[in-house]
Each structure stands twice: as C-alpha cells, then as structure tokens.
Number of protein chains: 4
Amino acid sequence: MPTQARTQVRHERILDAALSVFASRGYRDASVDEVAEAAETSKGGIYFHFPGKQAIFVALLERSADLLLARIVEAVEVEREPVARADAALRAVLKLFGSHRALARLFLVEALGAGPELRARMAAVNGRFAAFIRQNLDEAVQQGAIAPIDTALASQVWFGALNQIVSDWVLAEQPGRLEDSYPALRALLLRSVGAAP
Amino acid sequence: MPTQARTQVRHERILDAALSVFASRGYRDASVDEVAEAAETSKGGIYFHFPGKQAIFVALLERSADLLLARIVEAVEVEREPVARADAALRAVLKLFGSHRALARLFLVEALGAGPELRARMAAVNGRFAAFIRQNLDEAVQQGAIAPIDTALASQVWFGALNQIVSDWVLAEQPGRLEDSYPALRALLLRSVGAAP
Amino acid sequence: MPTQARTQVRHERILDAALSVFASRGYRDASVDEVAEAAETSKGGIYFHFPGKQAIFVALLERSADLLLARIVEAVEVEREPVARADAALRAVLKLFGSHRALARLFLVEALGAGPELRARMAAVNGRFAAFIRQNLDEAVQQGAIAPIDTALASQVWFGALNQIVSDWVLAEQPGRLEDSYPALRALLLRSVGAAP
Amino acid sequence: MPTQARTQVRHERILDAALSVFASRGYRDASVDEVAEAAETSKGGIYFHFPGKQAIFVALLERSADLLLARIVEAVEVEREPVARADAALRAVLKLFGSHRALARLFLVEALGAGPELRARMAAVNGRFAAFIRQNLDEAVQQGAIAPIDTALASQVWFGALNQIVSDWVLAEQPGRLEDSYPALRALLLRSVGAAP
DNA sequence: GATGAATGAGCATTCATTCAT
DNA sequence: AATGAATGAATGCTCATTCAT
C-alpha cells in the first residue's frame, strides 16, 4: 500500500473513532486519549494527523455535512417541481440520520455544547441546509405552487421542526424508526406553507 | 435586614450572576470563580449556598422554568378556545425570551452542552412545555376546531420551530426584535395543523 | 444554672462530641462542622470555647491523660512492692481502655496522624507513662526484686508491648475483651525483666 | 537509554522523592506538587506514572515491605534453630531501619495517619511480619526450646516492643545508633518467652 | 510516521477560621 | 454566648498539547 493511501486510511480511522467516541461520551467529556484508543493508535498519532481536538471535530463535521448534502442533492435532482424536491430532501435527511444515529447525535446534540467556534461552524452548516430549503420554497412561490410567504421564516420553521424530530429520536431511550415520522411530518410542513399535501 | 432575608438575597444574587456568566461564557467554560466574582462574593460563599457548580445550573433552570411556565399559564388562562390559548402561549414565550436574551441562551444553547444529567433535566422542562402544547392541540381536535392529526408529532414540530426561531435570534450577531416573528410564525404553525389563521 | 456552669457543660459536651467524631472519622478527616453537629452546637459555638481544631484535640488528650494517670495512681497506691505496683498499673490501663474504645483509638491511632505538634504532645503524655513504668522498675532493681537491667529500654518494651496489644484490639473488626489479655501479657512482661511471675 | 528503562528510572525517582517528602512532611501534609518538585518532574508527570497520591504511598509501602522481608529472609535462612532465627530477624530489622530512617518513619509513623485504607494495608504488612515471628516461636515451642506459651500474644509483644524502640528512635531529636539497642532488647525478648539469653 | 512520556495551566471542591449580628 | 454566613488559601486531579526518540 502506498504511503499516501496508508495516511488516508489512518485519517479516516481516526474520524470514525472520533465519531463513535464523541457521540457516546460527548465532545467535552471525551478525551483525545479515548479517541486514540478507539482508533487503535496513540495520542501522538492523532496529533500527527490533526492539529488538535477541535480540528478533529471540524473535520468530522465537514465530512458528515458533505455526505448529507450529497445525499440531499442526489435525492433532489431527480425531482422537478419545488414541493416534490423539498419532499425528497426531507426524506433523504430522515433516511440518513435514521441509519446513522451517532452522526445525528454529533450534529444535533454534541455540536451545540462544543464551544463558540464549533457552534459557529455548525451554524454555517445549518445555514447551508436552511438556505437550500428556502431556495426551494422561493421557487415554489415563484412558480405559484404556494402562496407568497415569509420563506426565511418558513425555512427556519421547517429546519427547526426537522431538527426537533431527529433530536428527540436521538435522545430517546428506546427509539423507533425515524423514517416512520415522515408522512405526518411531511403533511404538517406542507400545510404550514399552504401547499396541498 | 433579618438574616433569613439576607440569605435569600445572596442566593438570588448568585443565581443572577450565574445566569449572566453561564450565558456569556457557556456553562462548561465558566468557572465557579467567575460566578463568585460576578456575584460579588467569594468561592466559599458560593459553596455555602449551593452544593456545587451543577446545582447552581439546576437551580437556575428551575427558577427560570417556573417563571416561564407562570407567564404562560397567566397568558393562557384568559383565553377560552384552544387555538387562542396556544396562540397566547406562543406570544408569551416570544415575549419572555425576547426581553431576557441571556435566559433564552441558557435554555436553548448552554443547557445542551452541560453534560448528560443537565441535559436530562432540560428534557424534562422541555417535555412539560411540549405536553402543554399537545394538550391544547388535543382539545382543539376534540372541539372540532382542527381536523384530527398526530398531535404528538405536531407538538414536536411546534416546539422545534419555536426553538429554532428563538435559538437563531439568540445566536444572531445583531438580533432584531424577537416578537416581530410572531405573526408569520403564528400563521405557519396554525396552518400546519389545519387551523384557519 | 449559673453562667459559669453552663459554659463548663458546653465545654464538656464539645469534648465528648470531639472524642466520638475524631475516633470514628479520624482527626484529619473530621471537620469542625461535624464536631459542632455532634455537640449540638454551631461552628461559631465551637470557636467560642476553643481557639481552633487542634486545641480541641489537645484538650481532649489532656483530659484523657489526666483520667488515665488518675486511674493508674489510684490503682497503684494500694500496692507496696514495685512488681505488684507495675502489675496494678498494667491492669488499670487495660481496664480503662477496655471500656473506652474510642479513647484508646484517639490515643493510639488518631494522635499519630494529627501532625507534628500533636505528635509531640502525645510523646509527652506517653513519656509520662513510660517514666512511671521505669521508675517502678528502678525501684524494683534497687530493692533487689529483679536483677539490674537497662530499665530505660525495658520500660520502652513494656510500653510498646502494651501499646501494640491495645492498638490491635482497637483496630480489630470484632474485638474480644481487652482485659482477657492480662494474664498472659503480665507473665511475658514480668519474665522479660527477670521477675518470677 | 531505551524507553522502558527510562520509564523505570522515572518511576523509581518518583518513589524516592515521595519517600523523602512523605517522611519529612507527613503523608497528609505533603502535596503532590512537592513530590513532583523533589522528583524533578511535573505534577502531570507524577500522574502519568501513578493514578493518584495514595497509589504512590501504596507502591512505596510495597517496595519497602518487599525489601524488608527480603532482608529478613536472607538473614534468617542461614540459621537453623528457631531462637537464633528470630534473633537474626530482629537484627535485620534494626539494621535496615537503622540505616534508613526515612523508611522507618514512613512505616511506623506516617502510615498510621494516612487514612483508613492505607492503615489497612499497613496492617497487612505488619501482619506478615508478626506471623513470621509467631511461626518461629511456634517452632521453638514444638522443638522444646521454650516452654509452651501464648505465641499469638507473644508475637504481638515482640512486634510492639520492636515497633516502640524504632518509633522512639525515629522521633528522637538526636537519635543514637539504633542497632545499639540490640543486645538489651534481645535479652528482654528472649527472657519474655522463657528462653535462656 | 508513530509512540508515549512529559508538561503545566486550569478547576471544582474542602475547610479551618473570622466576624457581623 | 451563640449563630451561621462569608472568606480564601490549599490541593488533588484532568487533559490538550508538545516533543525527544
């Protein structure tokens, strides 16, 4: 295996370990030692690949956000009309988080307690997603699919609602299937913007 | 001033200081020393009134939750029909948080990073509020004011939406007036459950 | 009750409480608060009667040492010949400690971990007792009851042996009756100085 | 120097420093910082090698007990008859402590004030030693070298006597040579069990 | 590239003592 | 005399980060 590939593998292994450790212990309570152990490497090894604990979290967030956005784009681009697109995005989010609970926990719970800088980065990620929702709502308005509304606020509402559904599921002791919430959630959200479910 | 009153005052002064310090520095990053300084007392003084750092946070949460719930009950009990009641509750929340940004920050941002035990306590507080929303929606359904829906999910959506609106406002660099969001938010939420705004 | 008597009573009550608390928790691990609670008074009350924690310990030691010495003198003065006198002293010690285990613990265990100054005071108390033994042994030698020996060392041996017996009894989980050790101990000690048991 | 050896050296250096600090300042009054300074390392360095302050004390106790027992075994195994063996053990103890006063202080003085858990550990070490004495006395009885006596009590007496001699020497302001006590102590102890000196 | 020993700043908590009431 | 609120110095321990090997 070429050197570069080995490094890449190590890098990924650390991120995987960090995801697991941060999700179960919490970012603040998790120590770099724990991540190192989970990654089957040493503390020094971690610091060779990442400049610090926070950088691991950031890298993890970006890797995950890229994955999430990719899934959404993938799901959305097969649809044409705005409402169906938003619908597809919603389903994609529930599907991804539904099958990656640790990821959901990282995004929706741990990131908030990780300090100001990480919170700001999370806000940026969230912003990307909210902007995507808003853009679709705007298009729906332009196309006359829904009546003119405050799409900035509506996208916040959609985002917050989805956030809450997933957060509750993440923190539930005995969580059911996240995707089961889809039909009812979809109906509520569409109604909220005046679109016929 | 009688001793008992002095103690009460000190107790409150510490909570006020803690609110300010926790909101600006974050619960984890705030030290007991900082709280002591803000309360114009000593570290030992803090520990005379509270058994530990976490207990301060819990006391703060409970004092605030009581205040919030009291405001809501107060606002709600003058209304008769469920939709108007939910409406009043919504307005009360926006009004209280709108004029106590630190409190909002404490509730919606800091509490999440404060570790598992405090998170659980927050969940209980949130649960009380969500249950209140749900109860009103249930009544609205029974009275035929709105069509039968999954009120458990709907209350989550309402809660999540409100949470998001307030959180964004809390974290905004130059926040406007929180209450300005009321009319549009109200319209969205009512539409979401099929009630005519 | 006259004021002076009340003070006296309070003073004693604090010493009794301190004996109990120091014996069960250890001098270092016991807090002044615990003593105050056991004495059914307040921390301030303690400091009215004693200048500090250490002073309580010292007062306790002195009160106890006086009691012990009094018992010994009492037991000894009815005997004439040196060996019988030492014998009586031995029995008195076993009897007193045997019925006051907390006192024994205070003297033989806690006092050692109480810091340099208290250790020095304990050494003085021990010294008084060892000197008493030695004096009797010296008289026994002068009277020809026992052969000439190094009575300084012999008194240390007697003291150490007694100390050990009592200490082991103090620390035993299920202690028997301390006085039961008397006959065999007596025989060993007398033989050690060449006196016919 | 290979890593493993360096670690070993550091480990020992910390124990040596702890011995010195604990002996001079007392276990309770000594701070981990002081130990670190004496070991020419940092507080964190200490905690890399030992899980806590108490663990240092325990390690020290065990290292020392092993040394003491080894010296005794070594001294004893060249002797055949029980009395001579006990004699050799006695001499070995006086010799070791006589040349390691800090060690003696640690064992006989500081360990007692170090709290319940450490006291229990010390009791175990003492027990090993007392059992050794008793075993030799038992053999002497069986071989008819001495008359039948309560060897459990006799071993306590021997142990206590030795303990006292060493303790007094440890706490003396201007101590002489500990080994000088040997002949007279030997005579007393042997006489106490009815063996001809 | 990797290891793990070392660093040192930071922090919650305890507690003997003081003192206003 | 007595109370209990207040003080502040002290300390064990954690952990992100550095670096010699």
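Which helix of chain D holds D:His49? The residue sits in helix H3, which spans residues 43-49 of chain D. This is a predicted model. D:His49 counts as buried, because its relative accessibility is 18% and the cut-off for buried is under 20%. Setting aside neighbours within four places in sequence, D:His49 is in contact with D:Thr7, D:Arg10, D:His11 and D:Ile14.

**Chain A and chain B**

These two chains touch. On chain A, 31 residues are in contact with 31 residues of chain B. The area buried between chain A and chain B is about 2500 Å². Carbon and sulfur atoms give 64% of that area.

Polar links also cross between chain A and chain B. Seven residue pairs are in polar contact, both residues at pLDDT 80 or more. The interface of chain A and chain B holds four salt bridges. One of them pairs B:Arg119 with A:Glu110, with the closest N and O atoms 3.5 Å apart.

Which elements of chain A give two or more residues to the side that touches chain B? They are helix H7 (116-142), helix H8 (151-171) and helix H9 (182-192) of chain A. H8(A) gives the largest share, 12 residues. By type, the residues on this side of chain A divide into 15 nonpolar, eight polar and eight charged.

**Chain pairs without contact**

Chain B makes no contact with chain C and none with chain D. The table lists the C-alpha distances.

| Chain pair | Closest C-alpha atoms |
|---|---|
| Chain B and chain C | 13 Å apart |
| Chain B and chain D | 21 Å apart |

Conventions
Residues numbered from 1 in each chain as written. Chains lettered and ligands numbered in written order. Predicted model: local features only at pLDDT ≥ 70, side-chain atom pairs only at ≥ 80, totals over all residues. Heavy atoms only, no water. Helix = DSSP H or I, 4+ residues; strand = E, 2+ residues; numbered from the N terminus. Buried < 20%, exposed > 50% of the residue type's maximum accessible area, 1.4 Å probe, protein only. Contact = heavy atoms within 4.5 Å. Buried area = accessible area lost by both parts, 1.4 Å probe. Salt bridge = Lys/Arg side-chain N within 4 Å of Asp/Glu carboxyl O. Polar contact = N/O pair within 3.5 Å; in protein donor to acceptor, adjacent residues only side chain to side chain. Nonpolar A, V, L, I, M, F, W, Y, C, P; charged D, E, K, R; others polar.
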